[in-house]
Amino acid sequence: MTFPNAGSQERPVPRLEARGITKGFPGTLANDHVDLVLDPGEIHALLGENGAGKSTLVKIIYGVLKADSGTLLWEGRPVTIASPADARRLGIGMVFQHFSLFESLTAAENIALGLDSAPRPRDLAARIREVSKRYGLDVDPDRHVFSLSVGERQRVEILRCLLQEPKLLIMDEPTSVLTPQEVSRLFETLRQLADEGVTILYISHKLEEIRSLCTQATVLRGGRIVGAVDPRTVSARTLAEMMIGGDLVVPAHEPVESAHAPRLVVRNLSSTSDDPFATELRDVSFEVRAGEILGIAGVAGNGQAELLAALSGESTTAADHVEIEGQAAGHLGPRARRALGLAFVPEERLGRGAVPEMTLAENAILGGAASRGLVRSGVIDGQGARAFADRIIDLFKVATRGHGAEARSLSGGNLQKFIIGREILNKPRLLVAAAPTWGVDAGAAAAIHQALIDLAADGAAVLVVSQDLDELFALCDRIAVMFHGRLSHPQPVGQTSVEQIGLLMGGLFDRSEAGKGDRDVA
Amino acid sequence: MWPRLVPRGEASPVMVWMTPVLAVALTLLAGTALFAALGYPPGRALHAYFVEPVSTFYGLGELAVKATPLTLTAVGLAIGFRANVWNIGAEGQLVMGAVLGGGLALAFWGEEGPWLMPAMLLAGILGGALWAAIPAFLRTRFNASEILVSLMMVYVATLFLNWLVHGPWRDPEGFNFPQSRMFGNDALMPVLFEGTRLHLGTPIAFAVVLGGWFLLARTFVGFQIKVLGLTPAAASYAGFDQRRLIWFCLLLSGGLAGLAGVIEAAGPVGQLTPAIPQGYGFTAIIVAFLGRLHPLGILLAALLIALTYIGGESAQITLQLPIAVTGVFQGMLLFFLLATDVLIRYRVRWGAPAGEAGRA
């Protein structure tokens with residue numbers, strides 16, 4: 001089944017049309033006269049950096065927020081969408097970035113809870129099986145959600161929407177938690193839905209995905225529409241430059257050939273935890289050498305948090321499991337490890353890497369104050385801290401009104417630049433960075449990557465733990481994968497591929513060499 | 001049209017310091033209504049309550065005498081509260097400070113010297129700190145709530161004091177009254193001005209205010225305390241030792257409460273009696289929050305609360321108002337402070353909402 005293209009003579013009635021949507025929040029205009037036309041059967045990308053207004057627009061369409069002005073037309077008729085229930089009645093479904101599932105209930109029970117009028121349990125299970133078969137969304141309705149992988153949980157969310165037979169499906173950053181193989185399966189499902197006439201509004205900042213999936217793209221910047229293109233006809237670079245409104249400088253990293261002395265050695269690291277939802281590390285061993293960037297890939301929740309805590313010193317082990325600069329450090333706390341030359345960029349920048357209510361000058365003291373001589377006999381050198389904050393702001397181009405600004409007033413990207421700058425200016429011999437560009441706009445991400453590359457070029461060892469494979473392939477010399485608390489053997493970037501890493505992310509540790517062409521369908 | 005509360009973008013720094021003023025104004029307003037309802041002329045009653053007691057030199061001295069233990073205790077508590085360490089048992093630590101310091105005075109009764117007062121002050125600090133060490137140990141070792149433990153320790157301390165003054169430390173010439181001997185001259189806080197009861201404790205309290213301010217604003221320990229209180233995850237990321245900070249906060253707040261206790265015993269009271277615990281340790285919690293957990297704010301708050309104490313006494317004498325009016329005024333003050341604090345994050349708007357958008 002096909003639908004006429006947007007360019008043909010008889011343009012079909014758009015499924016949804018937004019006219020002049022404006023929405024302000026205290027201090028900002030999140031949507032400024034936004035117009036959007038979604039045709040039946042198209043997969044339409046909504047692109048933009050963080051804070052560009054994508055989420056606000058989608059929340060207005062889904063009835064979560066109310067626009068200050070502007071109108072919505074559903075199949076040509078003006079409508080008022082006052083609540084998500086209204087939206088669902090019209091035929092709008094949405095899959096959120098953060099799942100809203102109860103872990104202790106089964107998939108079917110979760111789906112029933114999300115339906116406005118749930119059928120009897122037996123009928124529902126049958127419907128779920130029918131729909132999941134039709135779209136290749138393998139889900140066992142009777143399994144409990146806590147036992148499902150992230151990809152399976154997302155399928156539950158999608159099924160919940162599909163059971164309502166939506167005409168417009170909104171997907172918010174759906175691939176950020178999936179392996180590449182899961183991504184391609186998701187895309188097949190979405191294409192099938194589009195062929196059946198469902199409109200899909202696809203929000204993402206992964207440009208290659210948009211180019212392979214979407215037939216139309218609308219770009220938002222600063223709350224306004226700045227462009228509409230067919231993403232298949234332009235390069236990812238062009239799309240990125242539309243998003244950031246300027247030239248994109250892509251950092252280049254020359255892989256190091258000669259192996260230097262190891263700065264970090266992890267040996268047979270295992271962990272046990274009282275928390276039933278924590279992942280236990282199983283016999284993790286690797287080393288990071290001077291001048292090298294090692295990447296650790298993997299779907300979140302496979303032990304990365306536990307590994308990072310064991311590296312930072314927030315959880316300690318027997319001394320010889322972790323060695324920093326040749327010294328046994330497994331038993332040392334964070335400050336002792338910093339004294340050995342470790343710097344650490346945590347995943348949560350606000351609330352761990354920085355104190356939201358404190359000024360940048362105060363936050364500058366947070367990491368490695370002693371090593372920079374900002375504390376003398378227990379007294380803080382306030383002037384020194386302010387000067388240090390100014391230096392970070394200056395060198396790493398942090399957009400802020402100065403060292404007196406509270407950390408929470410910065411955008412995610414700027415705060416991350418500040419934290420990375422703080423850690424790098426402490427002149428570490430070893431830097432561990434978790435998800436350094438997660439949720440960061442393209443311009444800031446490029447600057448952060450450049451800073452990490454420069455640090456390695458100066459002879460520091462860098463470890464990057466990230467879910468973003470594009471990032472790891474752009475940055476790293478070697479890549480390893482975490483799965484269920486185990487770490488695969490690190491591979492040089494030149495000798496591996498996204499597909500192979502993807503298979504490892506799905507847990508095919510032993511078959512990864514042999515099974516390159518072999519699609520595992522669980 | 002009804003007023004509505006609209007969230008501000010961020011906390012208003014002006015309101016942080018304005019709401020205590022607003023709370024005082026509302027307390028006065030409610031006090032006026034209260035006096036009127038009781039049948040007292042409000043103008044005269046408020047005058048008797050808030051003006052008369054401080055209109056003499058002696059009265060000002062009394063104000064400082066009351067504010068001293070409140071300030072000493074509240075500064076220590078506020079430093080702990082900044083780190084989310086909730087020492088609720090300052091009253092017990094105050095009693096133990098009085099017991100240890102006063103015990104020294106009794107032990108060397110009749111053979112004193114100028115060394116006795118400094119030794120008593122140190123013993124008072126030690127007594128309070130030791131009493132606070134118990135909740136600190138149980139918290140850091142067994143994760144027992146310091147709120148409950150420190151609170152329960154208050155009653156143990158009070159009963160211990162009662163036992164002492166009813167038994168072993170009872171004044172042998174005191175006609176069986178449950179109280180110790182009067183302290184000797186060297187064991188009494190020197191009075192600063194003739195004709196008042198203003199004593200050396202007040203300058204000590206000033207010094208503690210300045211020290212507390214310096215600790216919080218300038219030292220690395222103070223920085224760690226603030227980080228731990230605001231964002232525990234950031235404190236563990238930076239490697240601040242949470243246990244040591246809990247010990248530090250409890251020992252400091254206990255020590256300062258103990259200091260307040262010995263100063264009270266060696267100052268206005270002059271002996272150990274069952275009336276040493278007057279509720280200063282609990283009132284100091286109100287003082288700490290009214291002062292915004294800031295040492296300089298605490299100084300002002302302590303003066304205000306001290307005024308409610310002596311105003312209550314004055315109103316009792318001149319108007320025959322029941323002494324309970326003190327508690328009523330302190331309660332109203334805290335109530336209005338908590339109520340007006342909403343203005344820090346919200347502003348008041350008049351008129352109908354812009355839209356009836358349902359939020360999911």
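## Strand pairing in chain A

Two strands pair if DSSP finds at least two bridges between them. Strands (E, at least two residues) and helices (H or I, at least four) are DSSP runs, numbered from the N terminus. This is a predicted model: local features need pLDDT of at least 70, side-chain atom pairs count only at pLDDT 80 or more, and totals for chains, interfaces and linings use all residues. Residues are numbered from 1 along each chain as its sequence is written, chains are lettered from A and ligands numbered from 1 in the order in which they are written, and side-chain values use heavy atoms, leaving out hydrogens and water.

Strand β16 (residues 342-345) of chain A runs parallel to strand β19 (residues 430-434) of chain A, with 4 bridges between them. A:F344 has A:V432 of β19(A) as its bridge partner. β16(A) is covered on both faces. A:L342 and A:F344 are buried on one side, A:A343 and A:V345 on the other. Buried means under 20% relative accessible area, exposed over 50%, and partly exposed in between (1.4 Å probe, protein chains only).

## An open sheet with a helix on it

Chain A also holds an open sheet of 4 strands in the order β2-β1-β4-β5, with antiparallel pairing. Its edge strands, β2 (28-38) and β5 (77-79) of chain A, each pair on one side only. Neighbouring strands of this sheet are turned by 30 degrees against each other on average, direction ignored. Axes here are lines fitted to C-alpha atoms, for helices over the stretch in contact, and angles run from 0 to 180 degrees between N-to-C directions.

Strand β1 (residues 16-25) of chain A is joined to β2(A) by 7 antiparallel bridges. A:F25 stands opposite A:T28 in β2(A). Helix α1 (residues 54-61) of chain A packs on the sheet. This helix touches β1, β2 and β4 (69-74) of chain A, and its direction makes about 60 degrees with that of β2(A). Contact means heavy atoms within 4.5 Å.

## Domains of chain A

Domain bounds come from an automatic or database domain assignment. For chain A, the assignment gives domain 1 (16-244), domain 2 (250-341 + 430-522) and domain 3 (351-427). The C-alpha centres of domain 1 and domain 2 of chain A lie 32 Å apart. Across this boundary, 17 residues of domain 1 of chain A are in contact with 20 residues of domain 2 of chain A.

About 1400 Å² is buried between domain 1 and domain 2 of chain A, and carbon and sulfur atoms give 57% of this area. A:N50, A:P180 and A:Q181 supply 30% of the area that domain 1 of chain A buries against domain 2 of chain A, more than any other three residues. Buried area is the accessible area (1.4 Å probe) that two parts lose on being put together, summed over both.

## An enclosed helix in chain B

Helix α11 (residues 280-290) of chain B has 9 of its 11 residues buried, so it is largely enclosed by the rest of the structure. Among the buried residues are B:Y280, B:I285 and B:L290. Their cover includes α1, α3 (57-82), α4 (90-107), α10 (242-269), α12 (295-319) and α13 (324-340) of chain B. Just after α11(B), B:R292 takes a positive phi of about 60 degrees.

B:P13 is found in helix α1 (residues 13-38) of chain B. B:P13 is exposed, with a relative accessible area of 62%. B:P13 and B:I344 are 331 residues apart in sequence, but 7.5 Å apart in space, C-alpha to C-alpha.

## Cysteines

A search of the whole structure finds 0 disulfides over all chains. A:C161 is in no disulfide, and the nearest cysteine sulfur, that of A:C214, is 17 Å away. A disulfide is a pair of cysteine sulfur atoms within 2.5 Å. A:C161 is buried at 8% relative accessible area. B:C249 is buried at 0%.
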